[in-house]
Amino acid sequence: MTSLADSGAKPGPRRVVIIGGGFGGLFAARALGRDVSVTLVDRAHHHLFQPLLYQCATGILSEGQIAAPLRSVLKRNKNVDCAMAEVSGIDTDGRRVIATRPGGGQIEFPYDDLIVAAGMRQSYFGHDEFAKFAPGMKTIADVLTIRRRVFGAFEMAETSDDPTERRRWLTFALVGAGPTGVELAGQIRELATKTLRAEYRKAKPEEARVLLFDGGSAPLATFGEKLSGKVRQTLDKLGVEMHMGSIVTDVDATGLSVRDHDGAVARYDVGTVLWTAGVEAPAFAEALAKATGAKTDRAGRICVQPDLTIAGHPEISVIGDLMSLDKLPGVAEVAMQGGLYAGHRIRHLAAGRESAKPFHYRDLGSAAYISRGNAVMSAGPLQISGFPGWIAWLFIHIAFLTGYRNRFGAILTWWSAFTRDRRRERAFTMRQVGVVADVYTAVIPSARSGEPVTPDEPVTPGQSKTPDAAIPAQPATPGEPAPHPRA
């Protein structure tokens, strides 16, 4: 096991370990002064702007425009070091974080203070078997998978002579009518009716059906009744078919089954199913709760005190989506403000000053993009929709994008996409990029022989280290190996 501790070293600056390079972790690292030594640990090497993942998945933005290397973002913070590893455990007595390096092998990070900003992962509400047919959207790997399935579905429809099969490929189902589901549903309809409308000879993209399922009574219900009604009207005009009060009971390679509020179950033949509902805590949250005795909520989030620390462990702060406090929502602004608070609090302690006042969240509002020139924004009593909401959405997302290059690039890309219906980021590959073996798994069963292979073993055509379909999860097409769909 590799350890970053040096038993022979003299006492140095206060050591702070941050788990997670999302909004919370990034803002915490920036808030910590030069008098402390900071190590930021993340399983990826980049900071990802998750609110725009759906635009990357539907060909507006590239993955490079919504992601920035952590080392580059923090290069001016000379006291911050970045480590690419996946945290798996914690030793609270020895104050060590235990992690796994890519390719296997453990590494330890000693700390005086720990900031946990590990975020959340997709939840299938106890039906993890749905994941292989209905990918979620949390990472770049997910985005590349969804892009392949969405654009691949139109290609499959173009080459099919069977009207029933073509209709199935042109049917998209989204499970969850929160911001991600609503934004993605609107974008798929815009993609089909505007960008792709004149590009196909046999398939008719404008006939694509987008079905939106949710167990609640209205889309974007958290935005309030007024804005939720505006969203419903806009989605109706776009042609999105909403099925509220519906619970998905089964998902497979050819569609999904849904139970309505009366208990009746209906079957839908669908070419592409995308999961945009629910989140749950990552595995590390359970390890942290067990090691510290912290309470958790129903989603596995860590319950914290008003200063964002775990009861009995003032050296451990939990921020962002993984934090459970006063029913705060899992949005970027909560993570940003929590990161700033935790960083300033530890900075004060390192300087020998009194710790900061209890954390107080200032609600600066939430915004959701519905279609070109149409968005909704809620900020306290202020609720706007339509074109004014869209302008507000633009300014918010430009301000929060990381780096001037990404901001300028997004502005140019949006101008082209919104004024000329151009989506240039539509490339996808048939070689399973985004669903290859996890680099944190040292030994992986070979799909070819059952023998172990290393993560870097080349994949031959037709072989996949983890099961997935080259296009959306469906039976094999002529000349294509039988797929093993997986998110």
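The dialogue below takes up sheets, helices, single residues and cores in turn.

Me: Which conventions apply?
Reply: This is a predicted model, in which local features need pLDDT of at least 70 and side-chain atom pairs count only at pLDDT 80 or more, while totals for chains, interfaces and linings use all residues. Residues are numbered from 1 along each chain as its sequence is written, and side-chain values use heavy atoms, with hydrogens and water left out.

Me: What is the order of the strands in the open sheet of 4 strands?
Reply: Strands of a sheet pair through backbone hydrogen bonds, either parallel or antiparallel. Strands (E, at least two residues) and helices (H or I, at least four) are DSSP runs, numbered from the N terminus, and two strands pair if DSSP finds at least two bridges between them. Here the order is β14-β13-β12-β18, with parallel pairing. The edges are β14 (240-244) and β18 (272-275); each has a single partner strand, so one side of each lacks a neighbour in the sheet. From one strand to the next, the twist averages 20°, where axes are lines fitted to C-alpha atoms, for helices over the stretch in contact, and angles run from 0 to 180 degrees between N-to-C directions.

Me: How many bridges join β12 to β13?
Reply: There are 5 between β12 (residues 171-175) and β13 (residues 209-214), and L174 stands opposite L212 in β13. Helix α7 (residues 225-238) lies across β13 and β14, at about 135° to β14.

Me: Do β15 and β16 run parallel or antiparallel?
Reply: They run antiparallel: 5 bridges join β15 (residues 247-252) to β16 (residues 255-259). V251 has L256 as its bridge partner in β16, and a hairpin connects β15 to β16 through 2 residues.

Me: What span should helix α10 have?
Reply: The expected span of a helix is 1.5 Å times one less than its number of residues. For the 15 residues of α10 (residues 386-400) this gives 21 Å, and the end C-alpha atoms are 21 Å apart, which agrees. Helix α6 (residues 179-195), with 17 residues, reaches 22 Å from its first C-alpha to its last, close to the expected 24 Å.

Me: How many residues of α6 are buried?
Reply: Buried means under 20% relative accessible area, exposed over 50%, and partly exposed in between (1.4 Å probe, protein chains only). In α6, 13 of the 17 residues are buried. Among the buried residues of α10 are W390, W393 and H397.

Me: Where does N79 lie, and what does its side chain reach?
Reply: N79 lies in the loop between α3 (70-73) and β6 (80-84). With a relative accessible area of 13%, N79 is buried. Its side chain reaches the backbone oxygen of V36 at 3.0 Å; a polar contact is a pair of N or O atoms within 3.5 Å, where within protein one must be able to donate a hydrogen and the other to accept it, and residues adjacent in sequence count only if both atoms are side-chain atoms.

Me: Which residues have the most contacts inside the largest nonpolar core?
Reply: In soluble globular proteins, nonpolar side chains tend to be buried together. A nonpolar core is a set of buried Ala, Val, Leu, Ile, Met, Phe, Trp, Tyr and Cys residues joined through side-chain atoms within 4.5 Å. The largest has 70 residues, and those with the most contacts inside it are L52, F154, L235, W393 and W414. Helix α4 (residues 140-158) gives the most to this core, with 10 residues.

Key: Contact = heavy atoms within 4.5 Å.
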